[in-house]
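Dear colleague,

Please find the structure below.

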Amino acid sequence: MAGADPGAHIGELLDRLGREAGPRARETADELVRSVVEFYGEGLARTVRLLRSAPAGSDPLAVLTADELVGDLLILHDLHPDDTMTRVGQALDKVRPYLGSHAGDVEVAGLDTDAAEGPTLRLRLRGSCDGCPSSTQTVRWTIEEAVARLAPEIAHIEVEGVAEAPAEQPLLQIQPRPPDGTTGPPPPSAAPEPPHWHTLAAPALPAHDRTTRVADIDGNALLLVRLPGNLYAYRDRCPGCGADLRTAPLDGEFLSCSACAARFDVRHAGRGEGAHLEPLPLLEEDGAVRVAVPELLGAGP
């Protein structure tokens with residue numbers, strides 16, 4: 001295509017698609033092209049703004065790679081100054097404080113660039129997640145999100161040492177006949193849906209150490225607890241009695257339910273005597289706080 005007009009060539013391809021696949025396919029292709037143009041246009045606009053506002057003497061590449069969108073474009077075109085494993089290491093450094101609250105750490109076990117499903121990163125957790133199924137799942141989600149943000153070329157992540165929640169045995173139901181002619185026990189529950197990540201602004205966060213605040217995201221109440229060095233997010237519900245925790249007093253690193261007096265260790269995955277708070281994935285980086293809301297958060301106790 002040397003010397004050819006790229007815009008004219010794209011127009012020819014769209015016209016051909018319209019003739020061969022029909023007008024609806026052409027409309028979808030037009031929308032795709034508009035989205036790609038907007039994506040690159042925003043990337044160029046950010047590049048100009050970042051370079052114009054960069055302090056004198058700063059490294060231009062460092063300025064550009066600090067922006068997530070521009071960094072993604074550099075990765076897409078193999079222009080990013082840091083290789084994949086360097087960026088994976090940076091991502092894991094961001095989540096280590098969170099993993100420490102779940103009594104664990106993470107190390108890289110390997111990277112398989114030739115895997116059938118695409119580049120596959122293998123990680124190994126050291127320690128434990130305190131035996132709490134919800135805690136192990138939040139650890140997995142937090143690691144996956146951190147790596148996806150800094151190394152989006154990773155297609156699949158395998159985490160060794162994250163225990164799956166044990167499958168619950170279905171109750172035996174006696175019926176005159178199997179419904180719809182089926183036999184056997186009901187199918188196992190589906191795997192939890194990936195969470196939706198949200199950015200929280202400063203007014204929604206606890207302002208000082210050893211304080212709490214409740215934030216509402218998509219109709220879900222989240223309890224945010226600030227302790228020295230870390231911010232924690234939990235579902236605003238006592239696992240023992242079902243009461244909310246927004247008025248629960250904080251004694252050092254322990255939260256006490258106002259209704260049933262149950263105590264929970266905020267810094268260690270919300271563990272209590274016989275029950276755990278429900279921890280939520282949280283990433284705190286560069287002054288911004290992002291928290292994930294699992295699809296089934298609103299389910300009852």
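In strand β13, Ala292 is the bridge partner of Trp197. Helices (H or I, at least four residues) and strands (E, at least two) are DSSP runs, numbered from the N terminus.

Before going further, please note that this is a predicted model, in which local features need pLDDT of at least 70 and side-chain atom pairs count only at pLDDT 80 or more, while totals for chains, interfaces and linings use all residues. Residues are numbered from 1 along each chain as its sequence is written, and side-chain values use heavy atoms, with hydrogens and water left out.

Two strands pair if DSSP finds at least two bridges between them. Both strands are part of an open sheet of 3 strands in the order β4-β13-β12, with antiparallel pairing. Because β4 (196-200) and β12 (282-285) each have a single partner strand, they stand at the edges, and one side of each is left without a neighbour in the sheet. On average, neighbouring strands of this sheet are turned by 20° against each other, direction ignored.

Another open sheet has 4 strands, in the order β8-β9-β10-β11, and its pairing is antiparallel. Its edge strands, β8 (250-251) and β11 (271-272), each pair on one side only. Between β8 and β9 (residues 254-256) there are 2 bridges, in the antiparallel sense; Leu250 has Leu255 in β9 as its bridge partner.

Turning to the helices, two packed helices are described by the angle between their axes and the distance between the axes. The axes of α1 (residues 6-21) and α2 (residues 23-53) come within 7 Å and cross at roughly 150°. Axes are lines fitted to C-alpha atoms, for helices over the stretch in contact, and angles run from 0 to 180 degrees between N-to-C directions. The helices α1 and α2 are therefore roughly antiparallel to each other (an angle over 145 degrees). The residues of their contact (heavy atoms within 4.5 Å) divide into 8 nonpolar, 1 polar and 3 charged. Here Ala, Val, Leu, Ile, Met, Phe, Trp, Tyr, Cys and Pro count as nonpolar, Asp, Glu, Lys and Arg as charged, and the others, Gly among them, as polar.

Finally, Gly110 lies in strand β1 (residues 104-112). Gly110 counts as partly exposed because its relative accessibility is 23% (buried is under 20%, exposed over 50%, partly exposed in between, with a 1.4 Å probe and protein chains only).

Definitions and conventions: Angles under 35 degrees count as roughly parallel, over 145 as roughly antiparallel, 65 to 115 as roughly perpendicular and the rest as oblique.
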